[in-house]
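Keep the structure open beside you as you read.

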Amino acid sequence: MQAAQTTVDPAEVAKFEAMAAEWWDVNGKFKPLHMMNPCRLDYITQQIAKQFDRDLTSPEPFKGLRLLDIGCGGGLLSEPMARLGAEVVGADAAEGNIPVAQIHAEQQGLDIDYRHTTAEALAEAGEQFDVVLNMEVVEHVADPLAYLTACQKLLKPGGLMLCSTINRNPKSYLVAIIGAEHIMRWLPKGTHEWNKFITPGELVELIKNAGLEPVDRTGFVFNPIAWSWSLSDRDLSVNYVTASVKR
Ligand SMILES: C[S@@+](CC[C@H](N)C(=O)[O-])C[C@H]1O[C@@H](n2cnc3c(N)ncnc32)[C@H](O)[C@@H]1O
């Protein structure tokens, strides 16, 4: 681990250390992320293509883009980004995630630079990226503003940050904690703390205070009848994502 770790919440990171071996088990403790992945990737690829004027029908549309997947976990998003041609750095504060991600990428024949480090340490080292993927991490850090400020520093001018998290309201308590952890048992009890969830209004303010310009917010909505996730520009009541740009 490199120098600064100010935004790391050790108790949160310990939860992910304990689950590291399960990242690629589609029916394991990360089942919700696997279920959300097609919907998340749809949003991520569309936003990157829009910002950098890329043709998603071309073979490697993200070639030439340097992308940081911060809080990469086992690499569920790093791998598809590498397949699309991006030069990917995957970074995570939980040390145990890194060999899991590295071994899986090697098995897939993908070249991804996985590192046990933090956004602050990468920013201190002067690293620069076209895209920062910041998916489902901000609700697990100790200081969201310091963390997002480090992410802002990591972007080149014109760079794009995609940041997803969970809204904080009675519905998100019922769905993301009671439903996902206690009833469906998709996640271990205690994975999420409701008071660390962030409303879209709060996240937009944090992003602005970190020095980025928010350009989009979209909901990830689960349909229990279709048993699938979709994007919504109206329903940000539980899971949602924001896009912001460094001017
Ligand atoms: C819910 S997982 C999301 C994984 C991945 N981004 C995805 O969406 O598939 C949260 C990840 O963030 C990592 N994490 C938590 N706090 C962090 C921090 N301050 N810096 C970097 N990674 C962190 C955890 O170890 C965990 O792997």
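**A strand, a helix and a ligand shell**

Strand β4, helix α6 and strand β5 form a β-α-β unit that is right-handed: with the strands pointing away from the viewer, the path from the first strand over the helix to the second runs clockwise. Helices (H or I, at least four residues) and strands (E, at least two) are DSSP runs, numbered from the N terminus. This is a predicted model, in which local features need pLDDT of at least 70 and side-chain atom pairs count only at pLDDT 80 or more, while totals for chains, interfaces and linings use all residues. Residues are numbered from 1 along each chain as its sequence is written.

Stay with β5 for a moment. β4 (residues 129-135) runs parallel to β5, joined by 6 bridges, and L133 stands opposite L162. Strands count as paired if DSSP finds at least two bridges between them. With β8, β5 pairs in the antiparallel sense over 7 bridges; here I166 faces N239. In β5, 9 of the 12 residues are buried, meaning that 20 or more other C-beta atoms, placed from the backbone, lie within 10 Å of their own.

Now look at helix α8 (residues 200-209), whose buried residues are L203, L206 and I207. These cover an arc of only 100° around the axis (taken from the directions from the helix axis to the C-beta atoms), which puts them on the same side of α8.

Finally, turn to the ligand: 24 residues surround it, the closest being F16, G71, G73, A93 and A94, where near means a C-beta atom, placed from the backbone, within 6 Å.
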